[in-house]
Amino acid sequence: MTESTNLHTQEPQPLQNDRSIFNLPNNLTIARILMIPLFVAIAYWPPAMGIGMPAISDNVIARVGMSEFSDSLLRHLLLTVVFVIAAITDWLDGYFARKLNVISAFGRFLDPVADKLMVAAALIILVQWHPNIIMAIAAIVIISREIAVSALREWMAELGNRTSVAVSYVGKLKTAFQMIAITVLLLNWESLEVIGYGLMVAAVILTLWSMFIYMKAAWPYLKQSG
């Protein structure tokens, strides 16, 4: 999902307008987490028909309503809709947190977790649908990068230098490519497959680039002894 917005050039303002953790931004984040089991359930239950097979084959576009394609097509459309809604709530919770000034420690913790869980779930499903080297490398790079950066942020926070690894423009761009690539591949249309893979390759490159930026910012602290 989007880069964590809990890293700013200054410490976040304390909660002012709402003492409850169940405010609108946090409720949107919780809803995004609850979408993950729904997302997985749609992908695997009842037993998937046509999972991993293109929902719309180029040579049967005109016959898309045929019964042998309808179940698979509906499944992929539902998965895509759930993923897109989750992506929208990711933007909305940050918007309302700033608009309503109800930033909370709970929200700052949960928001990036929700983002990473949904993306990881989608990538794992896509690897099963497309068991090839491109998808495998993409999933490994993206998930590994999130784990590494999360650990880096936590370590930098202990040193009191968390803002040294603040969100970069490249990080936001990589998130956009990730989300679009996953959305296109979830549709599982043959005619869009090349575009989906191209976007995923671009997302992997941007993921590695953003990781380099984070490591470069943290390197002066990493090389210190003691």
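User: In this predicted model, is F39 buried or exposed?
Analyst: In this predicted model, local features need pLDDT of at least 70 and side-chain atom pairs count only at pLDDT 80 or more, while totals for chains, interfaces and linings use all residues. Residues are numbered from 1 along each chain as its sequence is written, and side-chain values use heavy atoms, with hydrogens and water left out. Buried means under 20% relative accessible area, exposed over 50%, and partly exposed in between (1.4 Å probe, protein chains only). F39 has a relative accessible area of 0%, so F39 is buried.

User: How many aromatic pairs does the structure hold?
Analyst: Rings of Phe, Tyr and Trp (its six-membered ring) pair if their centres lie within 6.5 Å. By that rule, the number of aromatic pairs in the structure is 3.

User: Which kind of pair do F39 and F83 form?
Analyst: A pair of aromatic rings is described by the distance of the centres and the angle of the planes. Planes under 30 degrees apart count as stacked, over 60 as edge-to-face and the rest as tilted. The ring centres of F39 and F83 are 6.4 Å apart and their planes stand at 45°, so the pair is tilted.

User: Which kind of pair do Y95 and F96 form?
Analyst: The centres of the Y95 and F96 rings are 5.3 Å apart. With 70° between the planes, the pair is edge-to-face.

User: Which residues form one aromatic cluster?
Analyst: Y95 has 32% relative accessibility, so Y95 counts as partly exposed. F96, at 24%, is partly exposed as well. The residues of the one aromatic cluster are W91, Y95 and F96.

User: How many salt bridges are counted?
Analyst: Side chains of opposite charge can pair when their charged atoms come close. Here a salt bridge is a side-chain nitrogen of Lys or Arg within 4 Å of a carboxyl oxygen of Asp or Glu. By this rule, the number of salt bridges is 7.

User: How many residues apart are R32 and D93?
Analyst: The side chains of R32 and D93 form a salt bridge, with N to O at 2.8 Å. It joins distant parts of the chain, helix α1 and helix α2, and the number of residues separating R32 from D93 is 61.

User: Which helix holds D111, a salt-bridge partner of R32?
Analyst: In the salt bridge of R32 with D111, the closest N and O atoms are 2.7 Å apart. R32 lies in helix α1 and D111 in another helix, so the pair ties together parts 79 residues apart in sequence; the helix of D111 (residues 105-129) is α3.

User: What is the relative accessible area of K174?
Analyst: E146 and K174 meet through their side chains in a salt bridge (2.9 Å, N to O). E146 lies in helix α4 (residues 133-158) and K174 in helix α5, so the pair ties together parts 28 residues apart in sequence. E146 is buried, with a relative accessible area of 13%. K174 is also buried, and its relative accessible area is 1%.

User: How is α5 oriented relative to α6?
Analyst: Axes are lines fitted to C-alpha atoms, for helices over the stretch in contact, and angles run from 0 to 180 degrees between N-to-C directions. Angles under 35 degrees count as roughly parallel, over 145 as roughly antiparallel, 65 to 115 as roughly perpendicular and the rest as oblique. Helix α5 (residues 169-187) and helix α6 (residues 190-222) pack at about 155°, with axes 8 Å apart. Therefore, relative to α6, helix α5 is roughly antiparallel.

User: How many helices does the protein chain have?
Analyst: Strands number 0 in the secondary structure of the protein chain. The number of helices is 6.

Note on methods. Helices (H or I, at least four residues) and strands (E, at least two) are DSSP runs, numbered from the N terminus.
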